[in-house]
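Please read them with the structure open.

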Amino acid sequence: MQYDSLYVETNLIAYIGNKRRLLPLITQAIEKTGAVKEGRTATFCDLFSGSGVVGRLAKSMGMAVTVNDWEYYSYVINKAFIGLNRSFLRSSFKNLGGLGAVLAQLNSLREPSKSDRYIATYYCPEDDNAPDLEKERMFYTSYNGKKIDAIRGQIASWFENGKINRKEQYLLLALLLYEASTRSNTSGVFKGFHRGFGGTNGDALTRIMKEVELAWPELIDGPTATVYQEDAMVLAQKLRNNHFDIVYLDPPYNQHQYGSNYHLLNTIALNDKPGINRSIIMGGKKTNKSAIRRDWIKTRSTFCYRSSASQDFRELINMVNADHILISYSTDGIIPFDEMLEILSSKGQVNICTSEYVKFRGGKQALTSEVRNVEFVLMVDTTKQGSKSQVTRISKRLLLDKIDTTIKKTVNAMNAELAGFDFKTIKRSKVLVKSYGNRSVTFVIRKNHVENLEEVMIQLQALPYSSLKTVYHDLQVITDLTREDELYMNINDIVRLYREKKWEDALESFRQIPYLLSKFNNRKAYIPSLKAIISTLSVLLQTMEVWTANRLIDERAFSQLEKIILTKINHRSDPDRAIDSYKEQITSLYDYLIGSLEGENQQEEQAVTISDRKKA
Ligand SMILES: C[S@@+](CC[C@H](N)C(=O)[O-])C[C@H]1O[C@@H](n2cnc3c(N)ncnc32)[C@H](O)[C@@H]1O
């Protein structure tokens, strides 16, 4: 079944744990329940709706939806984008000449009144071109801060004066919240902001600098949609006598609390202007840097704590009244996965829908390795009996999926002995062998990757669950590489392959480098990135023959490398002798490399030799 992606994916706030990427998988799981049929309206309830993307999906599949989240920003967004129908857009804002006129008016606002100048005062620098990095917050550019204030003030005044009703207010607020989430000078959450607009390498600059502008919403008509702002535990209790075809559960699975991460969205939605200090520095000390609202603790989720998550989840499952329960969770979540499966199987027959996607860590962990994640939706059919064998089957299936993804990662064969493998080199390959129970499994490694993937997976399927756990652990050991490790592996490979005259392979290794370098993209990674560039340029110069012969200068990867070098060299950093010296080294190595690639250095080199001879 197709869903309306224009409706489902337009104006979605950036949200941790949102399921946008998993919509095809969730659609598949919904279809598997068999609840959506021609001629009848199925009922769907999402108790932890967040960005609302899954509720929108359900609405676009023609279901009657109930969505809930206890965060106010989420409530507002869902009241608008799920609670309202497309037909509302034509009939609304009669007092102000229709939605088109309202958006035009809001978008033309620039200067907020003095009393509305709140975000601009407390969360933005005074002068975007000369922010005081020590004292001022930089969540938005000053002009966007003012614009948010002006629009928020106008919406409040229209509502207070009866020019717009509650529904119209929700729609305008939701559009504003989307912009406030998108134009923020953060990497997604409001627990911090970039020091300088756009972050270390200015990746997000266009997004952040673009002026806040409310866009015409994409809505659809649908059956009834009910939106709540309640504690999921309380609501589940209240709705105990309401039977749903499908209930979807996506609780937090780690310690991060949404109320503190998205405090600014609540502040904009509530417009209650909590009192905070303007300067980050108070009494000579840095305090309250992100100015998080004090009342964020009201929505401190029990699902974020080891002590309460399992117990509350058990209670919740017990209260849910539905034929089918769909659950999104992580195998590494706070609730131990075996326990999660046990809880679910007490409610009905458990099944699983899976897919795999590669998640590349950004931000602080930029230098850690790629994470291949198996994503899945758990399904409980409450009309059927659960059993232990289903749980074991699902655990094994998930573990095999995890192995299947881990085994595709870059291998560091140096760690093989650490994991207890017998290690041999045969021709160009490394062969790792280990016995699991009474079966021995052989991994053939070539170009740092397992080459005999399919064969290995077939062998593994025959192993019992307990042995598979050991295999998974071993694979984690041999694929435990940071981006930095991977980068240096490729740099070393270039030298080795050059010596072995495997020039095509050396070029292949070079092609990985710009991509890996692009992951060195936060403050801590800046100096390592300069060092890695120096190593890369030095190695290219050492192996010059390959590159002139293979016209490195025409390679796409080379232009990417040049772009990265340029960004790093132009990066403004605090004065630092070491950094200056790295930059100088890079500039001279780079100039020399370009000269050599363009054939300009030959004469010079000869000249040096001749003059040296003369001296001699
Ligand atoms: C993983 S997110 C859900 C993401 C959502 N499925 C999406 O695609 O955007 C978890 C959500 O649960 C909400 N939450 C946490 N504890 C809650 C509770 N006890 N009651 C209601 N909502 C809760 C959080 O505010 C957050 O929005």
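1. Some terms first. Ala, Val, Leu, Ile, Met, Phe, Trp, Tyr, Cys and Pro count as nonpolar, Asp, Glu, Lys and Arg as charged, and the others, Gly among them, as polar. A cavity is a set of points, on a 1 Å grid over the protein atoms alone, where a 1.4 Å probe fits but cannot get out; lining residues have an atom within 4 Å of a point. Grid points are joined across faces, edges and corners, and a volume is the space filled by probe spheres set on the points.

2. This is a predicted model, and totals for linings use all residues. Residues are numbered from 1 along each chain as its sequence is written.

3. Confidence (pLDDT, the predictor's score for each residue, from 0 to 100) averages 90 over the chain, and 93% of residues reach 70 or more. Residues 357–370 fall below 50. Where pLDDT is low, the predicted coordinates should not be read in detail.

4. The count is 3 cavities of 30 Å³ or more. Helix H8 (142–160) and helix H13 (263–270) each supply at least two lining residues; helices are DSSP runs (H or I, at least four residues), numbered from the N terminus. H8 gives the largest share, 4 residues.

5. The second largest cavity holds about 70 Å³ of space. Its lining has 8 nonpolar, 2 polar and 1 charged residues. Leu47, Phe244, Met319 and Arg240 are among them.

Key
Predicted model: local features only at pLDDT ≥ 70, side-chain atom pairs only at ≥ 80, totals over all residues. Heavy atoms only, no water. Contact = heavy atoms within 4.5 Å. 1 Å grid on protein atoms, 1.4 Å probe; cavity = no way out; pocket = protein on both sides within 12 Å on 5 of 7 lines; lining within 4 Å.
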